[in-house]
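Visitor: I am new to this structure. Please take me through one part of it closely, step by step.

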Amino acid sequence: MVAADVRDLADRLCPHLGCHSLRVESRGHGAYAVITLLASDPLAGVYTLPRGPITGPVLLARDEEAQDVTADLYTMPHTIASGQTGSGKSSFGYSLLAQAAERAKAGEPIRIAGVDPSSVTLRPFAGTAHAEHISLGLKDPARIERTLDRLVTDLDNRLEAMPIASDILPITDEHPLTLIVLEEWPATLRALDALDKKVAARVRGHVARLLAEARKVRMMVFMLVQRPEANLIGGAERAQLGLRLSFRSDSVESVRLLHSDADPAMAAGHSTALPGVALMSAVGRGLTRVRAPWLPYADYVRRVGGAAA
Ligand SMILES: Nc1ncnc2c1ncn2[C@@H]1O[C@H](COP(=O)(O)OP(=O)(O)OP(=O)(O)O)[C@@H](O)[C@H]1O
Ligand SMILES: [Mg+2]
């Protein structure tokens with residue numbers, strides 16, 4: 001047995017050991033492990049986003065072993081956060097976007113773009129130097145389409161600017177890292193379908209292109225959804241989303257759509273997850289249970305530093 005085997009068996013071992021969960025730490029060259037019996041859920045307590053500006057990699061979450069889960073913002077894959085209402089998706093977004101905004105304010109080439117039907121997530125960026133192509137609200141479908149049109153035009157310009165000898169576009173002030181936030185995306189698509197089917201079809205096409213081609217030209221899609229519905233986000237789109245977080249989810253199927261490796265007991269247990277607790281899958285990293293950092297909304301607005309601050 002290796003440490004990973006013990007981790008996999010933890011749910012079956014814990015009832016017999018009288019503990020909530022196990023912390024399994026490999027030692028040496030995997031020759032032995034230190035196993036700690038945890039009396040309570042290590043993710044039960046709120047984990048506040050440290051004061052900024054946070055330099056180095058961006059802080060995504062903290063895992064059950066109290067280790068920070070981080071990523072390089074400039075090479076992060078397209079990302080999806082899924083979960084029922086009140087499960088903590090937008091708050092996860094606040095902590096990520098606050099970190100991006102602070103870097104942009106410090107002069108890093110980072111822009112925030114996107115579509116936000118309720119406006120709450122992207123409103124703090126209105127009027128800031130680091131915002132571009134933002135559409136708030138749902139009243140005007142043409143505006144949403146225009147926003148995505150511009151993003152796809154930017155994509156095409158960047159593809160043309162790709163150096164012959166490279167498969168990735170260097171980040172410059174002209175071609176900054178662009179974070180494209182798609183808040184409440186299935187709800188937005190559903191509303192567009194009802195308002196104007198042709199616009200909805202074009203918007204879907206644009207997002208499919210961004211997911212397929214934008215990463216190598218430093219444009220990163222961050223999609224937030226209550227459920228990763230197969231009819232609204234197809235398999236091709238899901239496959240492009242390399243970093244996936246599922247906050248509290250109502251069904252085992254929802255969890256397994258984003259984390260095919262989640263065993264049924266883990267997926268079922270996730271229906272009662274606390275706000276901010278998520279299952280996370282990333283390329284090159286197995287399924288991990290994590291807690292997203294907590295950043296109260298007023299602090300988010302202040303750290304983004306827009307007109308509303
Ligand atoms: N990381 C966290 N730590 C502690 N509490 C949290 C965390 N994330 C969210 N919460 C709590 O849950 C509430 C709802 O979170 P949030 O608005 O992010 O949910 P949501 O998934 O975006 O919901 P909706 O789909 O309705 O927009 C927050 O106001 C806060 O009280
Ligand atoms: Mg939300």
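Guide: One definition comes first. A helix axis here is a line fitted to C-alpha atoms over the stretch in contact, and angles run from 0 to 180 degrees between N-to-C directions. Keep in mind that this is a predicted model.

Now to helix 3. It covers residues 141–161, which makes 21 residues. From its first C-alpha to its last, helix 3 reaches 30 Å. That is close to the 30 Å expected at 1.5 Å a residue.

Which residues of helix 3 are buried? They are P141, I144, E145, T147, L148, L151, V152, D154, L155 and R158. Among the strands, they pack against strand 6 (110–116), strand 7 (131–136), strand 8 (177–182) and strand 9 (219–225). They also pack against helix 4 (185–195) and helix 5 (197–213).

Take helix 5 as the partner to follow. The axes of helix 3 and helix 5 come within 10 Å. They cross at roughly 30°. Angles under 35 degrees count as roughly parallel, so helix 3 is roughly parallel to helix 5. The crossing of the two helices is left-handed.

Who meets whom? Helix 3 brings P141, I144, E145, L148, D149, L151, V152, L155, D156 and L159. Helix 5 answers with V199, R202, V203, H206, V207, R209, L210 and E213. By class, this contact of helix 3 with helix 5 has eleven nonpolar, one polar and six charged residues.

Between strand 6 and strand 7, the loop holds S119. Its phi is near 75°, a positive value in a residue other than glycine. S119 has 14% relative accessibility, so it counts as buried. Between strand 8 and helix 4, another loop holds E184. The phi of E184 is also positive, near 40°, and E184 is not a glycine. With a relative accessible area of 32%, E184 is partly exposed.

Finally, glance at helix 2, residues 89–105. Helix 2 has 17 residues and reaches 24 Å from its first C-alpha to its last. The expected value at 1.5 Å a residue is 24 Å, and helix 2 is close to it. Of its 17 residues, 15 are buried, so helix 2 is largely enclosed by the rest of the structure. G107 follows helix 2, and its phi is positive, near 105°.

Terms used. Residues numbered from 1 in each chain as written. Chains lettered and ligands numbered in written order. Predicted model: local features only at pLDDT ≥ 70, side-chain atom pairs only at ≥ 80, totals over all residues. Heavy atoms only, no water. Helix = DSSP H or I, 4+ residues; strand = E, 2+ residues; numbered from the N terminus. Expected span 1.5 Å × (residues − 1). Buried < 20%, exposed > 50% of the residue type's maximum accessible area, 1.4 Å probe, protein only. Contact = heavy atoms within 4.5 Å. Parallel < 35°, antiparallel > 145°, perpendicular 65-115°, else oblique. Left-handed = near helix turned anticlockwise from the far one by under 90°. Nonpolar A, V, L, I, M, F, W, Y, C, P; charged D, E, K, R; others polar.
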